[in-house]
Amino acid sequence: MSDYPFYLRCSVCQEKYDYAWDINRCRKCSGPLWIEIEDEKLKKESNIIKSRNRSMWDYLPFFPFESQNEIISLGEGGTPLLPVSNFPFSSSLKNVLIKDETRNPTGSFKDRQTAPYCNLARKHGFGSIVTMSSGNVAVSLACHAAANGLRSYELLPDWTPPEKISMMEAYGGVPLRTKTTSSEMLYLMSEKICEKFHFYNGITAAIYSPMNIIGSKTIAYELYDVLKDHCNIFIASGGGGGVTALYHGAEEMMRMGLIHRFPRIFSVQPSGCSPIYVAWRNNLSYEEIISKRFQNCNSVATPLADDIPLDGYSAVTALKKTGGMALAVSDQEILDAQRLLSRGTGIFPEPAGAASIAGMISARDNGYIDPSERSIIVVTGSGMKNIESIKSWSQQEIGVENEELTKIKKLLVEAGLN
Ligand SMILES: Cc1ncc(COP(=O)(O)O)c(C=O)c1O
Ligand SMILES: [Zn+2]
């Protein structure tokens, strides 16, 4: 091993490798690699975790980048942790804190993943970057590619919401909407494009870049004050990267001696597409998870409709190691949670962002958690990019009677306010 304080470790067979930015898969078992930090370095930098940080780049010593000067950032991370007791619906959700990831530059926690990818691609001389996603990763990648002077291409499944496609275009991305809903097909297309045109592959799964986990690990760092005491964390899962990152961050904090117990991590998926839940219940192997596609995958929470969860094995391992669980909730439970959060707190999540709340309510109702315990709900994505999802909430076309409106208009005209 070299003197460099970072190395790579296979999340399946545990084989270790010297760090290199362009190794993505284990040479022994093809499993995803994690970027690990040597103990000495972790301990030396542990004070950074204790200080209040405003952006995820304040944790730079935990990234394999040399200095702040080489980073282009839009201020990812440093999101607020809000006590639900401030809000009227607190009586039904006691001891709950909301980690509001909708405050990231493009409204989802995916900015923590795509910003490092785009910085890495620029640093190593790539001109273009491609990804596949049902929307949030794609919007985020288009945004950070723009910031880094890269051209971006977004492979999209059929059900990508139009608001997200417009945002990709706003950032100068090239949205490529396909007729498929199969993740596998889109993975293969991205690989072909990268091989042929030498693009950087910006799919947010560790087998495409170990950088995937490293940015969202900072969510766990930012929760340091709360993780010192026991708590549960609820987060929505698609490919499993978010759960994996939370675990990895918490594990590093254990190694630094900052926390002494893992938070229980709960992964929440829609029952219409819940391969991580199936893998957790049936104790599936890495090979089984990446080869068995979840059949007829479908949900209102489109970002979670990932039929092959590439980081699913690491996610299931994280759930087991922390004493957590995988949960599957119905689309109706997700939509109810979306409305509860929006109207009860003023935080407006998209359905995928509300799945964590639905999961927490289900865990409480089924007795999986003690309601007196502290729980953190990670709200992963904003509803502003998916207005379609709340169309049915509207009671009426227009809130003012026509007659009233005519009177008001007349008054405005009389006042010269036209
Ligand atoms: C809003 C939102 N929440 C949760 C997820 C799931 O994250 P992961 O694929 O890391 O499990 C996604 C994935 O795109 C997302 O966009
Ligand atoms: Zn391996």
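Modeller: Let me start with a pair of helices. In H10, Pro275, Ile276, Ala279 and Trp280 meet Gly312, Ala315, Val316 and Leu319 of H12. By class, this contact has seven nonpolar residues, one polar and no charged. The model is predicted, so local features need pLDDT of at least 70 and side-chain atom pairs count only at pLDDT 80 or more, whereas totals for chains, interfaces and linings use all residues. Residues are numbered from 1 along each chain as its sequence is written, with chains lettered from A and ligands numbered from 1 in the order in which they are written.

Biologist: What makes two residues count as being in contact, and what makes a stretch a helix or a strand?

Modeller: Contact requires C-beta atoms, placed from the backbone, to lie within 7 Å. Helices (H or I, at least four residues) and strands (E, at least two) are DSSP runs, numbered from the N terminus. The protein chain has 15 helices and 13 strands.

Biologist: Why is H10 called oblique to H12?

Modeller: The axes of H10 (residues 275-282) and H12 (residues 312-322) come within 10 Å and cross at roughly 55 degrees. That angle makes H10 oblique to H12: under 35 degrees counts as roughly parallel, over 145 as roughly antiparallel, 65 to 115 as roughly perpendicular and the rest as oblique. Each axis is a line fitted to C-alpha atoms, for helices over the stretch in contact, and angles run from 0 to 180 degrees between N-to-C directions. H10 passes H12 in a right-handed crossing.

Biologist: What makes H9 and H12 oblique to each other, and which handedness has their crossing?

Modeller: The axes of H9 (residues 241-255) and H12 come within 8 Å and cross at roughly 45 degrees, and H9 and H12 are therefore oblique to each other. The crossing of H9 and H12 is left-handed (the near helix is turned anticlockwise from the far one by less than a right angle; clockwise would be right-handed). Val243, Thr244 and Tyr247 of H9 meet Ser314, Ala315, Ala318, Leu319, Lys321 and Thr322 of H12. Five of the residues in this contact are nonpolar, three polar and one charged.

Biologist: Why is H13 called roughly perpendicular to H14?

Modeller: The axes of H13 (residues 331-345) and H14 (residues 351-365) come within 7 Å and cross at roughly 100 degrees. This value makes H13 roughly perpendicular to H14. Glu333, Ile334, Leu335, Ala337, Gln338, Leu340 and Leu341 of H13 make the contact with Pro351, Ala354, Ala355, Ile357, Ala358, Ile361 and Ser362 of H14. The residues divide into 11 nonpolar, two polar and one charged.

Biologist: Why is Ile408 called exposed?

Modeller: Ile408 has 11 other C-beta atoms within 10 Å and is therefore exposed. A residue is exposed with 12 or fewer such atoms, buried with 20 or more, and partly exposed in between. Ile408 lies in H15 (residues 402-414), and its C-alpha is 53 Å from that of Cys231, 177 residues away in sequence.

Biologist: What makes Gly75 partly exposed?

Modeller: Gly75 has 14 other C-beta atoms within 10 Å, which makes it partly exposed. Gly75 is found in the loop between H2 (46-50) and E4 (81-83) and touches Ser55 and Pro105, not counting residues up to four places away in sequence.

Biologist: How do you know that helix H7 is mostly covered?

Modeller: In H7 (residues 211-222), 12 of its 12 residues are buried, among them Met211, Lys217 and Glu222. Over the protein chain, buried residues make up 51% of the 418 residues.

Biologist: How do you know that the radius of gyration of the protein chain agrees with that of a compact globule?

Modeller: With 418 residues, a compact globule would have a value near 22 Å, and the protein chain has 22 Å, so the two agree. The radius is taken over C-alpha atoms, and the globule rule is 2.2 Å times the number of residues to the power 0.38. The C-alpha trace spans about 80 × 50 × 45 Å along its principal axes.

Terms used: Ala, Val, Leu, Ile, Met, Phe, Trp, Tyr, Cys and Pro count as nonpolar, Asp, Glu, Lys and Arg as charged, and the others, Gly among them, as polar.
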